[in-house]
Amino acid sequence: MQAKVTVHAGYLISEIDPRLYGSFIEHLGRAIYTGVYEPGHPTADASGMRGDVVALARALNVPIVRYPGGNFVSAYNWEDGVGPKERRPSRLDLAWHTRETNEVGIHEFADWCGAIGAEVMYAVNLGSRGLNEARNFLEYANHPRGSYWSDLRIKNGRVEPFNIKLWCLGNEMDGPWQIGHKSADDYGRLACETAKALRAFDKSLELVVCGSSNAKMPTYPQWEATVLDHTYDVVDYISLHMYFNNRAEDVARYLAANIELDRYIQSIAGVIEFIKAKKHSHKNVYISFDEWNVWYHSEEQDKKTLNGNNGWPSSPPLLEESYNFEDALQVGLILNTFIRRSNVVKIACLAQLVNVIAPIMTVPGGPAWRQTIYYPFFFASRFGRGQALDLRVDSPSYAAGEIGEASCLDVAAVHDAASGGVTLFVVNRSSEPIATTFSLEGFGALSLADHQTLVHPDLKAVNSAEAPDNVAPKAGAGAQIRGDALSATFAAYSYHVIRLETANAVRRPK
Ligand code: AHR
């Protein structure tokens, strides 16, 4: 098969917000305990944070980490996680039916974010709690000193405010599974009043209101319209979530699922425009896609874990997906979609980061290792910054069930205007190799800086603590530039990052 792609320096989609490469950590399973936090682990620092996990997370270059949930946040009391550890209460977590020891709270988590080079994106509890607790926490976290809550923070050991800028107004409030689930009207009113209170403290905060938990929700997309009708003037982003699965064992259909993601984003962009027009507003609201990933492999195991115990275990293994090679292709496809929609999607969070539906796994007392999906996220986060380019892709396609036609080749391109370099992210989602020519227009002379690829003969191949490099990137072969044309052949079911640089470019580390 053959394909042709036109890449033009003047065809811009948008400047990419670096927060497109955010992530998420919830008090769930082993994400915190024996994930990021394991006192006594050989690599742990004085506060019990695992150094091996910090190193792997830091390499992902994640600018924000959403915290503390997720479903967990909707019954969480933030006060439980501050102050002397020995006085922190153990609580029953109603979302995941486990016991939360509160050894880690905002102080420890913010320090951990600092260690990986990220900022906290904080979700307030609008399920079991409301405006008052949210504004108290804001005062605790961000006020310098001289008030009840800020002085308590100082007494608890943190003089400088946390300065959290990005706030989620609850989590998945459209979901009947959510503690304190609400109707769109009830939630919209509460979110609006909470947003006004938070803004009364600091107008510059960025606020995210809850959209749909997925595009199959019965309330979708009226939920977004109603919630934005209440909140348009006081929020900056509306959140969307989506999880992918190949339960049907239909690879062709599975690898076309980012087309559904694309339609979901376009539909909500339309709802945002509708409410903007209805309100005769000049302000923009963008999408925060603050939970996305593949999630289905661990379902049976999770049912056993949750049904099999009569108690309330503390940090049992939950949502411990074992990601295979086709999932890595899927993550590459999802990231390509976000790059192409970076004019409306400004924030996205890979859910999650450690142990729970995660690219990084840990063995208690043992090593930390990378899942297959670590790599496409690593490459996109590192090299997918700059301006997203609008491409013309002329590729063979195939019929992907009810999704319709899927182009065999999925491509995103990013231009780093500062260096002049161009990065191409390519997924061949078909079962045949594709010989591809890229016409590179308006960039001046470019040369090939690097070609990395993820390929594996077995779509179901996984990494594990015992074989952590079974699926890992390798140098690609055969890509060539002649004048303004780049040619490369992409193997069946493969992921590629091709970096092009201008003649005078200063090389960045790989
Ligand atoms: O990320 C796992 C869960 O998925 C989160 O707690 C919830 O928000 C979503 O349903």
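## Strand pairing and local surroundings

In strand E8, Trp167 is the bridge partner of Tyr122. The model is a predicted one, and in it this bridge belongs to the pairing of strand E7 (residues 119-124) with E8, which is parallel and extends over four bridges. E8 is also joined by four bridges to strand E9 (residues 206-210), again in the parallel sense, and here Cys168 stands opposite Val208. The two pairings of E8 are set out below.

| Pairing | Sense | Bridges | Facing residues |
|---|---|---|---|
| E7 with E8 | parallel | four | Tyr122 and Trp167 |
| E8 with E9 | parallel | four | Cys168 and Val208 |

Together with helix H5 (residues 184-201), E8 and E9 form a β-α-β unit that is right-handed. In a regular strand, side chains alternate between the two faces of the sheet. Within E8 (residues 166-169), Leu166 and Cys168 point one way while Trp167 and Leu169 point the other way, and all of them are buried.

Leaving aside residues up to four places away in sequence, Asp93 touches His27, Phe72, Thr98 and Trp312.

In helix H1 (residues 51-59), the buried residues are Asp52, Val53, Val54, Leu56 and Ala57, and their cover includes helix H2 (106-116), strands E13 (360-362) and E14 (368-370), and helix H11 (374-383). After H1 comes Asn61, with a positive phi near 60 degrees.

Technical notes. Residues numbered from 1 in each chain as written. Predicted model: local features only at pLDDT ≥ 70, side-chain atom pairs only at ≥ 80, totals over all residues. Heavy atoms only, no water. Buried < 20%, exposed > 50% of the residue type's maximum accessible area, 1.4 Å probe, protein only. Contact = heavy atoms within 4.5 Å. Pairing = 2+ DSSP bridges. Right-handed = clockwise from strand over helix to strand, strands pointing away.
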